[in-house]
Amino acid sequence: MGNVLVTGATGGIGRVLVDALTEAGHRVIAVGRDVGRLDVRGIEADLAEPATLAAALEGLEDIQALVHCAGVSPVEAVAESDPETWRRTLAVNVASAAELVRLTLPALRRSGGHVIFVNASPGMTAVPRWSAFVASKAALRELAESLRAEETAHGVRVTTVFPGGTATDLLGEVRHAFGRPYDPGLCIQPRSLAAMIVWVLNAPPDAYACELSVLPTPHSP
């Protein structure tokens, strides 16, 4: 199995995904800050500065898949959000994803590769006090759909994964900021979501999931 480039590899979902991909026989290359503490090949890069990614990935030519897990999630109303909040959120969540795709497309085309964008809860729109995050995820969805149409002729697969609440420290912080309860036991476990992403990557050659919505299993009250 080939090389998989993973962003957000030190976060709650990404770190577990690195382990799941490795166990499935993939070779993982982690992109981000502080990746030196992982037991895989790492590329130090700041996704808040997409213009620096070309230099960071220079010489990287053998890529079969890109999984963009990285994301920031500020809880602020429009009236409270300064330009830096918007710049950083859009840079990490969308612009860096687009730049990583641009940089890896030659390799992905050669290998008939796969791009996976980890988005947000299925059907999420217009959440008060979450404007920058929601806007970035809407943009990421449109990026995926445009890229899929552009790259069909080149044999590149593009999948968006829409996970519901997943038990990570970030989700706990977000729900605390909204004043909502957070019970990790009622959420998707990162290991389960990672297994589903690996399943998407291991699709048979004649078919694949272009969108995958993942929800927590319902629990009785």
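Apart from its neighbours within four places in sequence, leucine 38 is in contact (heavy atoms within 4.5 Å) with Ala9, Thr10, Arg15 and Ala30. The model is predicted, so local features need pLDDT of at least 70 and side-chain atom pairs count only at pLDDT 80 or more, while totals for chains, interfaces and linings use all residues. Residues are numbered from 1 along each chain as its sequence is written, and side-chain values use heavy atoms, with hydrogens and water left out.

Leucine 38 is located in the loop between β2 and β3 (41–44); helices (H or I, at least four residues) and strands (E, at least two) are DSSP runs, numbered from the N terminus. With 9% relative accessibility, leucine 38 counts as buried, a term that denotes under 20% relative accessible area, with exposed meaning over 50% and partly exposed in between (1.4 Å probe, protein chains only). Between leucine 38 and alanine 65 there are 19 Å in space, C-alpha to C-alpha, and the two are 27 residues apart in sequence.

Threonine 7 belongs to strand β1 (residues 3–7) and is buried, its relative accessible area being 0%. Its side chain is joined to that of histidine 68 by a polar contact of 2.9 Å. A polar contact is a pair of N or O atoms within 3.5 Å; within protein, one must be able to donate a hydrogen and the other to accept it, and residues adjacent in sequence count only if both atoms are side-chain atoms. Beyond four places in sequence, the contacts of threonine 7 include Val31, Leu47, Val67, Cys69 and Leu100.

Serine 136, in helix α4 (residues 131–151), is likewise buried, at 0% relative accessibility. The side chains of serine 136 and asparagine 93 form a polar contact of 2.9 Å. When residues up to four places away in sequence are not counted, serine 136 touches Thr89, Leu90, Asn93 and Val94.

In α5, the buried residues are Leu171, Gly172, Val174 and Arg175. Viewed down the axis of α5, these residues fall within an arc of 165 degrees and so line one face of the helix, the arc being that of the directions from the helix axis to the C-beta atoms. Exposed residues Asp169, Glu173 and His176 are carried on the face of α5 turned away from its buried side. Glycine 179, which follows α5, has a positive phi, near 70 degrees.

Pockets were identified on a 1 Å grid over the protein atoms alone: a pocket is an open set of points where a 1.4 Å probe fits, with protein on both sides within 12 Å along at least five of seven lines, and lining residues have an atom within 4 Å of a point. The largest pocket holds about 1,000 Å³ of space, the volume being that filled by probe spheres set on grid points joined across faces, edges and corners. Its lining comprises 43 residues, with Cys69, Ala70, Gly71, Val72 and Leu170 nearest its centre. Two or more lining residues each come from α1 (12–23), β2 (27–32), α3 (83–111), α4 and α5 (169–178), and α5 provides the largest share, 6 residues. The lining of the largest pocket contains 21 nonpolar, 15 polar and 7 charged residues; Ala, Val, Leu, Ile, Met, Phe, Trp, Tyr, Cys and Pro count as nonpolar, Asp, Glu, Lys and Arg as charged, and the others, Gly among them, as polar.
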